[in-house]
Amino acid sequence: MKPLDPRLVRTARAVRVHLAVTVVCGVVVTCLVLAQAWLLARVISGATDGQGVGELAWAISAVAVVAIARAVLSYGAETAALRSAARAKSELRRRLIRHVTGTSDSAPAAAGGSDSGPVWLSGQTGPDGTSTPRAGELVTLATRGLDALDDYFARYLPQLVLAVLVPVAVLVVVARADWISAAVIAVTLPLIPIFMALVGWHTQARTQRQWRLLNRLGGHFLDVVEGLPTLAIFRRAKAQAAIIRRITDEHRGVTMSTLRIAFLSAFVLELLSTLAVALVAVEIGLRLMYGMLDYETALLVLILAPEAYLPLREVGARFHASMEGVAAAEQVFTVLDSGPAREAPAGGPAAPRSRAGDEVAALPRRAGGPAPRIRFDGVGLVYPGRDVPALRDVDLVLEPGRSLLLTGPSGSGKSSLLALLLRFAEPTTGTILVEDASLAAPVPLSLLSADSWRAAIAWVPQHPYLFDDTVAGNIRLGAPDASDAEVRRAAELAEAHGFISALPDGYATRLGERGARLSAGQRQRVALARAFLRDAPIVLLDEPTAHLDPDNARAVRVAVARLLRDRSGVIVAHDTGWTDIVDAVAHIEAGRVGERIPT
Amino acid sequence: MNREPLWRMIALARPRGARFALGVLLGALATGSGVALLGVAAWLISTAAQHPPITALSVAVVATRALGVSRGVMRYLERLVTHDAAFRTLADVRVRVYERLARTEPVRRFRSGDLVSRLVSDTDATQDLLVRGLTPPLVGIVTGGAVVAVCTALFAPGGLLLAAGLLSAGVAVPLAAAALGRGPGRRLARARGDLSTSLVDALHGAPDLIAYGAMDRAVRRVEEADAEITRVARRDAALLGFGEGAIALATGLTVWATLLLGVAAVSEGTLGPVPFAVVVLTALAAFEIVSPLPAVAARLGAVRASGERLFDVLDTPASVSDPADPAPLPDGPARLRVRGLRVRYGADEPWALDGVDIDVPPGRTVAVLGPSGAGKSTLAAILLRFRDPDSGTVELDGTDLTRLPVDEARRVITGVPQDPHVFTSTLRENLRLARPGAGDGELWEALRRARLADDVEAMPEGLDTEVGSHGARLSGGMRRRLALARALLAAPRVLVLDEPTTHLDPDARDAVVTDLLDATEGRSTLLITHDLAGLERVDHIYVVSEGRVLQHGSHEELLSRAGWYRDAHALLRRG
């Protein structure tokens, strides 16, 4: 890991400003360090020669001025560093979020701003609403991860600058005063990084092996605490206490042998820097005694010698904490470099970017108007990195205003079919044709702009995601400008008005993170209200009542039947419990759509 | 007992007191060596300036060299000793936390995985406190005291000045900075919370947002939250920079004042030039003593909060108690009778179970069905002895369950808890948990009955397959079957299955329920569930809602009567 990542410098203007400020501060601090040492040596030797307060007043006052200047400078540098860190973090965060959500800075409002789905969706099983662990990692990275940059900016970088400037300046000054001391410093100073590198290089393989073992042992306590109820019912809880002690002791043993090595580099740093000062002190003491040096020079050298090593020690002490921030920044760059956001659509094959230019006019949005006819023509879908196609040779027609129940076991391709309709994925073979009165001829779905196409769709996923917003705000997801009366009407249609009215603030109740306040059935009904308010001609429903208890399932069923009226609809479900409210049933198995039974 | 969590956390280290004392001594020697090096060197030089005979300097020369070596060595030893002591204490604390958790009701606490992982990191915070929070202040007191004493002996005003400087730089400024930082910390935490919520919404909710064309709005919300946190951080930077500046000022002014008083004293003849040089250079070096303290003060708040949560667990009273006069294990046909069972989680809370009667006849399978919040998991907690009932009885073959020692009761009644945990280990270890020492034959038999044997045979490592963290390398259905196999291996008299199929997709759920009912045939079994899958095969069904039994009977009886069960069934089994 580099102490200063060039990408970090290039990316954020705040970083470049900060670097400039830091270097200027570093130069001034170096001058102040030299001035203080010289003044102290002057005053002590002057007083020893019998000069009084009056004669030394100028120097003593200058010491106070230097003290105040150093205090002001260190306050200013710290404040400026924290400000730069805040700005750099913000810049990285914004680029990250724009990148992973597929909303680019350059053209945020461009047609199909989120054309093919965000890059982080790739690798997900499908648009079934389950979140990826990747999303969780990104959230941590964008908040706590980047916060570690504070330390890097405010503590590490300034010390790094000083670690370059101060030793050189001290060497120059000491060399003019006493070349032998300068030689001692000049020899020991480079030894520190060399020895630290040698120790680090020598122990790296061993410590890495041990850290791996440590991680395994470290996870044990969490594992057994999480599994406590399970251990308890099998009467293993008491025995486990002894095991925890044994494993923690093993953990300690391994950690200590790792630390014995890990602390060596700090030991080398501390030993060499202190020993060098001691050597310099003895050497100038002896030469002073033989009259080869004057007292003031000796004092100057003695005061300056530790200063040469101090920034190096500080850098060493802050190295690990600061590198967390650098590592976080590097992770951000890795994500940013992971290709253009739109190249990898939602778990699906790449949608050729070049086609975007060929997009024909958007599908006009007509609330309540008839839906287009959608024809699947030999459609196949293979997810990248997988051998088995998720769908193969699907021929299917979705007639305007009619509903289709798609049944099949899990993994049969039901959700993939919805993903195609939602444009989260594009067919790898065959075409999906859209026939609509507004279009002269049938048009492949992939040539329509994704945003305008999705505007014709209302989707109720299996696990709808509710946002940390009010109930009304959640219902307005697809229609931000809807009036309160329209929101309420949609909730009534979705059988949701009853429980929403019973919430403490009714429609203005905040739902908490991920809608934690509501039960699964209530969340499903809020999602249905969303779909009603969207008033789209096509509705897609994924397992609307799976996991619901009978009371909730009943309400959801009523609302779904209402939603399907006069709209094109596809219900995906594992069983046939929906046949009496749909117009046709198709069965899907291993990616193939089988018989189609009109009901 | 002192209620301050910091003191209580430190008190946890008392059994390791001698090791920590050694650590503090070594730390004091290390820090002291650094300060003394400059003091002795100052003496050496100022004495040498008077051109004495070489013998006058020999002790100082040796001392200087020794100090040059001892600082690094002592620091290295100090770090090893304190880390070792802290790890030993961590083992004690982990065991205490674990034993306490095992005696309180884990079920409700464990509803949230976040709470568990936070508890674990709180436990580990004691180690951090002991290494970084306890030793540096003690080392500071010992070294600071010694250095001030030496300086005072040489030049009383200088010593007092140094004491004042060290106290302000090491105590007053860090505490003031921590207090000043509290407001920004709170504001930042709030802004960070908003940012993280908006990020979670934008990333986890991405499919919904994209489908509804709302992603741009969500990103705007993230950017607003980002603008706010950046604004707060930039504004508060002015407050947070205070500590650094104030410490630099205290250091510089202390040296300046010492210099001023020293020069005056030297010219008055009350202070010799040699002690003068020693006092000034010692003062210059002494601030190294207090340099670790601001970091300690800044972290105290977080460590205290960890301690509060930790002692919240350690102070929780046990929710089950072993009987003073235990009854012998019942030895009948395994008939479970629940009568008038009432449970609630606090004096002001509603009854979770409000007078429930349930019978499980020997060898029969009985289901308890109801919507979420009906009290089903409370019933499981009572049966699995995570709680004592508030009133009413649970009897096995006429013996009251509370008259058995807790682990004896779990010998006769056990099963599959809600969200059974799969441990990061092999299949074999996960199974043997239920019967240590079970041979491979028994393990395979249990796997066969749970219909998992074929899958395991297909794995190259068989029973030695590592299942990954939380069984991540198994499918959801396989994890459920593993839990079932484990319960079968324990071979209790009564099997309790608490929601054995939650979070499975419908196909897997139906398959698991079928196999589970096959596997438990002939054993007294209580199946707690919220869905209707497989209920036509059980002997008796209790419908529970809001802590009471609404109706009960066989599948056919309940279908023939108007009521909740028939309605629910009609709805879900239509078509």
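1. Two strands are said to pair if DSSP finds at least two bridges between them. Strands here are DSSP runs of E with at least two residues, helices are runs of H or I with at least four residues, and both are numbered from the N terminus. With that in hand, welcome to the structure. This is a predicted model, in which local features need pLDDT of at least 70, side-chain atom pairs count only at pLDDT 80 or more, and totals for chains, interfaces and linings use all residues. Residues are numbered from 1 along each chain as its sequence is written, while chains are lettered from A and ligands numbered from 1 in the order in which they are written.

2. Chain A holds 16 helices and 10 strands. Of its 599 residues, 50% are buried; a residue counts as buried if 20 or more other C-beta atoms lie within 10 Å of its own, as exposed if 12 or fewer do, and as partly exposed in between, with C-beta atoms placed from the backbone. Two residues are in contact if their C-beta atoms, again placed from the backbone, lie within 7 Å. Among the contacts in chain A between residues at least 6 apart in sequence, 78% join residues at least 24 apart.

3. Next, please look at the open sheet of four strands in chain A, which has the order β2-β1-β4-β5 with antiparallel pairing. Its edge strands are β2 (391–398) and β5 (443–444) of chain A, each pairing on one side only. Strand β1 (residues 373–381) of chain A runs antiparallel to β2(A), and five bridges join them. β1(A) is also joined to β4(A) by six bridges, again antiparallel.

4. Arg375(A) is a handy landmark in this sheet. Arg375(A) stands opposite Val397(A) in β2(A) and opposite Leu433(A) in β4(A). Ile374(A) has Leu398(A) as its bridge partner in β2(A). Helix α10 (residues 414–421) of chain A lies across β1, β2 and β4 (429–435) of chain A, running at about 120° to β1(A). For such angles, axes are lines fitted to C-alpha atoms, for helices over the stretch in contact, and the angles run from 0 to 180 degrees between N-to-C directions.

5. Chain B has an open sheet of six strands in the order β6-β7-β8-β3-β9-β10, with mixed pairing. The edge strands are β6 (413–416) and β10 (548–553) of chain B, and each pairs on one side only. On average, neighbouring strands of this sheet are turned by 20° against each other, direction ignored. Strand β3 (residues 365–369) of chain B runs parallel to strand β9 (residues 540–545) of chain B through four bridges, and Leu369(B) stands opposite Val543(B) in β9(B).

6. Val543(B) also stands opposite Gln551(B) in β10(B). β9(B) and β10(B) run antiparallel and are joined by five bridges. Their hairpin has two residues between the strands, and Glu546(B) takes a positive phi near 50° in this hairpin.

7. How do the two chains meet? In this model, 124 residues of chain B are in contact with 131 residues of chain A. On the chain B side, helix α3 (residues 55–103) gives the most, with 25 residues. That side divides into 74 nonpolar, 25 polar and 25 charged residues; Ala, Val, Leu, Ile, Met, Phe, Trp, Tyr, Cys and Pro count as nonpolar, Asp, Glu, Lys and Arg as charged, and the others, Gly among them, as polar.

8. The nonpolar cores deserve a point of their own. A nonpolar core is a set of buried Ala, Val, Leu, Ile, Met, Phe, Trp, Tyr and Cys residues joined through C-beta atoms within 7 Å. The largest has 248 residues, of which Leu302(A), Leu528(A), Ile45(B) and Val280(B) touch the most other members. Helix α3 (residues 53–101) of chain A supplies the largest share of this core, 19 residues. Leaving aside residues up to four places away in sequence, Leu302(A) touches Ala281(A), Ile284(A), Ala41(B), Ala42(B) and Ile45(B). A second, separate core of 115 residues includes Leu129(B), Val368(B), Val416(B) and Leu497(B).

9. Finally, chain B is assigned domain 1 (5–314) and domain 2 (336–572), with bounds that come from an automatic or database domain assignment. Their centres, taken over C-alpha atoms, are separated by 52 Å. Asp208(B) sits in helix α7 (residues 206–211) of chain B. Is Asp208(B) buried or exposed? Asp208(B) is buried, because 27 other C-beta atoms lie within 10 Å.
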